[in-house]
Amino acid sequence: MASFTLHGIPVSRGIAVGRAHLLTPAALDVKHYLVAEEQVEAEIVRLQNAIATVHQELQTIWSDLPKDAPAELGAFIDVHALILSDPMISQMPLDIIRSRFYNAEWALVTQIDELSAQFDEIEDSYLRERKADIMQVGERVLKVLTGSASTLPRAVDDEQSAHMIVVAHDISPADMLQFRDRSFSGFITDVGGQNSHTAIVARSLDIPAAVGMFNATALIEQDDWVIIDGDAGVVIVDPSPLVLEQYRERQTRLFRARKKLGKLRKTPAITQDGTAVTMLANIEFPDDCAAAMDSGANGVGLFRSEFLFMNRTGCINKLPSEDEQFDSYRQAVVAMKGRPVTIRTLDIGADKPLDAAEQTALNPALGLRAIRYCLAEPQMFLAQLRAILRASAFGPVKLLVPMLAHAYEIDQTLLMIEQAKSQLRAARKKFDEAIPIGAMIEIPAAALALPMFVKRLDFLSVGTNDLIQYTLAIDRVDHEVAHLYDPLHPAILQLLAMTIAAGAKAGIPVSVCGEMAGDTRLTRLLLGMGLREFSMHPAQLLSVKQEILNSDLRLIAPLAKRIMRTYEPAAIAETMELLRA
Ligand code: PEP
Ligand code: MG
């Protein structure tokens, strides 16, 4: 096959080289990882046992059928038993495990997808409808397999799985979480935008990714060699040996540069003119604190607590209890060893639904999400507030509230925090009485009504991802409007500057925790605008710190001012060049 190149949206930097592993939406619903060669036989036995169990189940159902049951019912069970015995189901997935080293669930889903595609092409409508039976049989086997999840074999070591590149139509943030413990070397998706939460999770994994490729899943084939240039958003399929060699060299150079950056871990982030900057980390799980500490972060500027609420459909109680949340928050607080941890209350909705199946709003990004949802579910919200407050007894915690726009939302939230505090007092549970409470500034209305916020709250954090989404009216997950995403749009810069200035005037800290804070191309502009707290993924922290160390506010501030005085994109771009020179 001839080499070809696809262009999309760069979302996570670096270069990945590996073989393509195509994932269908169904395949995303199950665990997928490679099993070690010596465990292939055990994995085959696991699938064979599951198939045998389903045979047994069908047998039991058959013999338990009441005498007066309709005859079709028996016939229906017979069909399922026949399908189960067919080599298409009983043999082919075993071959997939043998040849591709897929785990049993993945092998089964891959085969069912294949069969289902073949059935779609059948002319005879009766036969075509048998597809549903195959799906049902497959689901039964999957249920048995996932029920025995505790006996899952060990995945192959990182060395081997590090050469797999996932290619999918879409990966939801919840799906993406699956990849956290099974490392892959890169991600490519047909859809998605730069600031979708999927992209954000990919960045937090520090794995090259490119999204918005339109038709990557149609053009890339299983096991094709691919290169992802995560900085450019370019994917090269079946590269020539020469191109491959060039990218491998670049990969090595990047690796060396990163290693060198590691030396800055303990260096305080101080500009050439002596201005100190606070470097904070964004995390999704308490475990991420290790990476935050490794990067030398001064604390956690954003703990996206909603990730604790995802992928829990199998749990008896879908939401994590107060105690479970408390354990996670405390774990983060303890891991940060006295550095502040900013815990954001549940920011659920839009591209992070609690339950994708229940998502019915026409415009979820404008719907009952984040604080709106929390205020509509007071018991759930109180439980989270109590959990966060209790964690504050173990180290400095700040409480951050997303998506606030109205004064009464702030007041109601503050009232609920008071209520949670009095519940804890009554229960004689310890917490920090003076816990700082802050708001995300991520709705344009908030940035245009800052006095309302600074009067009521202790700190502000700008969520530029949503601020850009709502100000420029572009859905952050829609690749068709991704080209309109522009952090340098004068409207964004004005709102940002206003927020930083309002905080300075009121004497309350302002940070930026959206993706702009981790973009080294914007570091000097943000510094020049007066920003002194940056919060980003640990993986980005040292590059941004390096930029700060090389910056001099005496040179930067006048240029940032010049940018703020113009509304012409060309003039902004020109001054940005000077700023970065
Ligand atoms: C933001 O909106 O910029 C932000 C930091 O929050 P999230 O990306 O989780 O919406
Ligand atoms: Mg947001």
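Here are some exercises on this predicted model, each with a worked solution.

Before starting, note that residues are numbered from 1 along each chain as its sequence is written, while chains are lettered from A and ligands numbered from 1 in the order in which they are written. In this predicted model, local features need pLDDT of at least 70, side-chain atom pairs count only at pLDDT 80 or more, and totals for chains, interfaces and linings use all residues; side-chain values use heavy atoms, with hydrogens and water left out.

**Exercise 1. The shell around ligand 1**

Task: Work out which residues come nearest to ligand 1, and which elements give two or more residues to its shell.

Solution: 

Step 1. Collect the residues around the ligand, where a residue is near if one of its heavy atoms lies within 4 Å. There are 16 of them, and Arg-304, Arg-344, Gly-463, Asn-465 and Arg-476 come nearest.

Step 2. The side chain of Arg-344 places an N or O atom 2.8 Å from an oxygen atom of ligand 1. A polar side-chain atom of Asp-466 is 3.0 Å from a ligand oxygen, and Thr-464 brings a backbone N or O atom to 3.1 Å from one.

Step 3. Check the cover: ligand 1 taken alone exposes 290 Å², and the protein buries 100% of that. These areas come from the Shrake-Rupley method with a 1.4 Å probe; for residues, only the protein chains shown count as cover.

Step 4. Assign the elements, using DSSP runs numbered from the N terminus (helices: H or I, at least four residues; strands: E, at least two). Helix H10 (197-205), strand E10 (299-304) and helix H20 (464-471) each give two or more residues. H20 gives the most, with 3 residues.

**Exercise 2. The magnesium ion**

Task: Find which residues coordinate the magnesium ion, ligand 2.

Solution: 

Step 1. Search for donors, which are N, O and S atoms within 2.8 Å of the metal (3.2 Å for Na, K and Ca); water is not among the atoms, so sites may look incomplete. The donors come from Glu-442 (OE) and Asp-466 (OD), at 2.0 to 2.2 Å.

Step 2. Glu-442 sits in the loop between strand E13 (437-441) and helix H18 (444-447), and Asp-466 is in helix H20, so distant parts of the chain, 24 residues apart, are linked.

Step 3. Classify the accessibility (buried is under 20% relative accessible area, exposed over 50%, partly exposed in between, with a 1.4 Å probe and protein chains only). Both Glu-442 and Asp-466 are buried.

**Exercise 3. Salt bridges**

Task: Describe the salt bridges of Asp-347, Glu-418 and Asp-519.

Solution: 

Step 1. Apply the criterion: a side-chain nitrogen of Lys or Arg within 4 Å of a carboxyl oxygen of Asp or Glu. The structure holds 26 such bridges.

Step 2. Asp-347 meets Lys-352 at 3.4 Å, N to O, and both residues are buried. They belong to a network of salt bridges that also links Glu-306, Arg-344, Arg-369, Asp-466 and Arg-476.

Step 3. Glu-418 pairs with Lys-421, with the closest N and O atoms 3.8 Å apart. The two are 3 residues apart in helix H17 (residues 407-426), so about one helical turn separates them. Glu-418 is partly exposed at 39%, whereas Lys-421 is buried at 5%.

Step 4. Asp-519 bridges to Arg-521 at 2.8 Å between the closest N and O atoms. Asp-519 is buried at 17%, while Arg-521 is partly exposed at 46%.

**Exercise 4. Positive phi**

Task: Locate Phe-214 and Ala-473, and give the phi of Phe-214 and of Ala-473.

Solution: 

Step 1. Recall that most residues other than glycine have a negative phi.

Step 2. Phe-214 has a positive phi, near 70°. Its place is the loop between strand E6 (209-211) and helix H11 (216-219), and Phe-214 is exposed at 51%.

Step 3. Ala-473 also has a positive phi, near 55°. This residue lies in the loop between H20 and helix H21 (490-506), and Ala-473 is exposed at 66%.

How values were computed
A polar contact is a pair of N or O atoms within 3.5 Å; within protein, one must be able to donate a hydrogen and the other to accept it, and residues adjacent in sequence count only if both atoms are side-chain atoms.
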